[in-house]
Amino acid sequence: MSNFFILVFSLHAFFVSAQTTKWNVDLLHSKVGFSVEHMMVSETEGTFDKYDATLYSDTEDFSDLKVDFIIESASINTRNEKRDKHLRDFDFFDAEKYPSITFKGTSTKKDKNNILLITGNLTIRNVTKEVTFKGEYKGTIVKDAFGLTRAGLIISTVINRQDYGVAYNGNLEVGGLMLGNDVNISCRLSITKDKV
């Protein structure tokens, strides 16, 4: 076996064994949300209501967090069906052609202010870019009302939708554009430790 393959297998074994404690997202008490500037003076907010995530962390402060997210793009919800239908169409997410939005984490570290920096690859409309989420660890309850170990995380970032081919916009009569390009993403996660 070549040295290259030995190195690859060794690295794979290291990353697999690095985090062994699995955490599950409590979908009833979590939210994947976003906001974008609207008409230059306000914001439109929404959520993705169907998603799943795999999280692994062995440290108390989640500084070794490994996270993979998959979101159903058609589950976008801005509380307006006409707008949501447009968002699912080609102008925005083209959900029929690209049914999933994914984030695959590659590394996590803490900065000097104890903020988690969660870096990974975000894929929207088959375009992948490296993104770093900022994470805030909200604490852990060793035993909740259901006998589970529960923790809270808030992870957020800002992306430019143009980078992912989500380019639709409209001109305002007073000048300027209907929609901003920066999209604020915020995931408020209640997670429970997997029972072994």
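Q: Taking contact to mean heavy atoms within 4.5 Å, which residues does Ser57 touch, not counting residues up to four places away in sequence?
A: This is a predicted model, in which local features need pLDDT of at least 70 and side-chain atom pairs count only at pLDDT 80 or more, while totals for chains, interfaces and linings use all residues. Residues are numbered from 1 along each chain as its sequence is written, and side-chain values use heavy atoms, with hydrogens and water left out. Ser57 has its place in the loop between strands E4 and E5, where strands are DSSP runs of at least two residues, numbered from the N terminus. With residues up to four places away in sequence set aside, Ser57 touches Gln19, Thr21, Trp23, Phe62, Asp64 and Leu65.

Q: Is Ser57 buried or exposed?
A: The relative accessible area decides this, with under 20% counted as buried, over 50% as exposed and the range in between as partly exposed (1.4 Å probe, protein chains only). Ser57 has a relative accessibility of 2%, and therefore this residue counts as buried.

Q: At what angle do the ring planes of Phe34 and Phe48 stand?
A: A search of the whole structure finds 6 aromatic pairs, a pair being rings of Phe, Tyr or Trp (its six-membered ring) with centres within 6.5 Å, called stacked if the planes are under 30 degrees apart, edge-to-face if over 60 and tilted otherwise. For Phe34 and Phe48 the ring centres are 5.6 Å apart, and the pair is tilted because the planes stand at 45 degrees.

Q: How many residues apart in sequence are the parts that the pair of Phe34 and Phe48 ties together?
A: Both Phe34 and Phe48 are buried. Phe34 belongs to strand E2 and Phe48 to strand E3, so their pair ties together parts whose separation in sequence is 14 residues.

Q: How far apart are the ring centres of Phe62 and Tyr137?
A: The planes of these two rings stand at 45 degrees, so the pair of Phe62 and Tyr137 is tilted, and the distance between their centres is 5.5 Å.
The pair ties together parts that are 75 residues apart in sequence, because Phe62 lies in the loop between strand E4 (51-56) and E5, whereas Tyr137 lies in strand E9 (residues 127-141). The centre-to-centre value is thus 5.5 Å.

Q: Which residues form one aromatic cluster?
A: Phe62 is buried, with a relative accessible area of 1%, whereas Tyr137 counts as partly exposed at 31% relative accessibility. These two residues belong to one aromatic cluster, formed by Trp23, Phe62 and Tyr137.

Q: What is the value that phi of Phe62 is near?
A: The place of Phe62 is in the loop between E4 and E5. Phi takes a positive value there, in a residue other than glycine, and is near 65 degrees.

Q: What is the relative accessible area of Asn114?
A: Asn114 has its place in the loop between E7 and E8. Phi of Asn114 is near 65 degrees, a positive value in a residue other than glycine. Asn114 counts as exposed, because its relative accessible area is 54%.

Q: Over the ring of which residue does the charged end of Arg125 sit?
A: A charge sits over a ring if NZ of Lys or CZ of Arg is within 6 Å of the ring centre and within 35 degrees of the ring normal. The charged end of Arg125 is 5.1 Å from the centre of the ring over which it sits, that of Phe90.

Technical notes. Helices (H or I, at least four residues) and strands (E, at least two) are DSSP runs, numbered from the N terminus. Contact means heavy atoms within 4.5 Å.
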